Amino acid sequence: MSPLLANIYPHWFDKVFHGADGPFQWANARVIRYADDLVIMARYQGQRLREFTESKLESWLGLKLNQDKTKVVNLAASGESFDFLGYTFRYDKDLCGRDHRYLNPGASKKALKAEREKIRTLVNKKHSHVPLPKLIMRINRQLVGWSNYFRLGYSRKAFRGVNNYVMSRLIKHLHRRSQRPYKPPEGTSYYRHLKRLGLVTL
């Protein structure tokens, strides 16, 4: 019921937001919503817009805003960012050194922490009995699904961090499950050895 209610109630907020007396008309504002998570975008976040949002959600619909997550962000200011649906949105310097910035969406710190935790649950002592090819297959499913969602924007840095974490977990796992100090085939690095076994790198 919770996801259903989370869509029914804010649906009416969408209606009044875009109505004749809503911020869409008098502030040229836009609202982006997924269930009960929403972002309001406007060139000027004035008192009138904040009062409209709070009154409609809390007084009219009887909902309660999460004040810890609710904030006004000026993305034009240096270092400002906001998180939405696992992504962190911010403006960064142009990669080619040109005199303008670009909007850069990337996996948030919370999303990266959750992915590392997921990998940790897949590669630990409880799975020492699992054949390595089968374990790598499970890891690959997790990596591919996660990367498909976070492929938007410039994801190279986040993906590199996940790759390094997976590699370090697997190397520790190989040493842990081996009675003797584990070594990859002669003349082959751990990276190449795990790649030959089918490990996906993002």
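1. A word on the basis. This is a predicted model, in which local features need pLDDT of at least 70 and side-chain atom pairs count only at pLDDT 80 or more, while totals for chains, interfaces and linings use all residues. Residues are numbered from 1 along each chain as its sequence is written, and side-chain values use heavy atoms, with hydrogens and water left out.

2. Overall make-up. You will find 7 helices and 5 strands in the protein chain. Starting at the N terminus, their order is α-α-β-β-α-β-β-β-α-α-α-α. Here helices (H or I, at least four residues) and strands (E, at least two) are DSSP runs, numbered from the N terminus.

3. Overall extent. The protein chain has a radius of gyration of 23 Å, well over the 17 Å that the globule rule gives for 202 residues, so it is more spread out than a compact globule. That radius is taken over C-alpha atoms, and the globule rule is 2.2 Å times the number of residues to the power 0.38. The C-alpha trace spans about 70 × 50 × 25 Å along its principal axes. Of the 202 residues, 33% are buried; buried means under 20% relative accessible area, exposed over 50%, and partly exposed in between (1.4 Å probe, protein chains only).

4. Strand 1 (residues 30-34) and strand 2 (residues 37-41) are antiparallel partners, held over 5 bridges. Two strands count as paired if DSSP finds at least two bridges between them. Tyr-34 has Asp-37 in strand 2 as its bridge partner.

5. The turn of that hairpin. Which residue takes a positive phi in the hairpin of strand 1 and strand 2? Ala-35 does, with phi near 55°, and the hairpin has 2 residues between the strands. Ala-35 sits in the loop between strand 1 and strand 2, and its positive phi occurs in a residue other than glycine. Ala-35 is buried, with a relative accessible area of 19%.

6. Strand 3 and strand 4 run antiparallel and are joined by 4 bridges, with Phe-82 facing its bridge partner Phe-89 in strand 4. Strand 4 (residues 87-93) is joined to strand 5 by 7 bridges, again antiparallel. Here Asp-92 stands opposite Tyr-102 in strand 5, and Lys-93 stands opposite Arg-101 in strand 5.

7. The turn between strand 3 and strand 4. This hairpin has 2 residues between the strands, and Leu-85 takes a positive phi near 55°. Leu-85 is not a glycine, and its place is in the loop between strand 3 and strand 4. Is Leu-85 buried or partly exposed? Leu-85 is partly exposed, with a relative accessible area of 33%.

8. The largest pocket. Its volume is about 2,100 Å³. On a 1 Å grid over the protein atoms alone, a cavity is a set of points where a 1.4 Å probe fits but cannot get out, and a pocket is an open set with protein on both sides within 12 Å along at least five of seven lines; lining residues have an atom within 4 Å of a point. Grid points are joined across faces, edges and corners, and a volume is the space filled by probe spheres set on the points. The lining has 50 residues, and Leu-38, Val-39, Ile-40, Lys-69 and Lys-71 lie nearest the centre. Elements that give two or more residues include helix 1 (2-17), strand 2 and helix 3 (47-60). By class, the lining has 29 nonpolar, 9 polar and 12 charged residues; Ala, Val, Leu, Ile, Met, Phe, Trp, Tyr, Cys and Pro count as nonpolar, Asp, Glu, Lys and Arg as charged, and the others, Gly among them, as polar.

9. The second largest pocket. This one has a volume of about 520 Å³. It is lined by 19 residues, with Arg-90, Asn-104, Tyr-154, Lys-157 and Ala-158 closest to its centre. The lining divides into 6 nonpolar, 6 polar and 7 charged residues.
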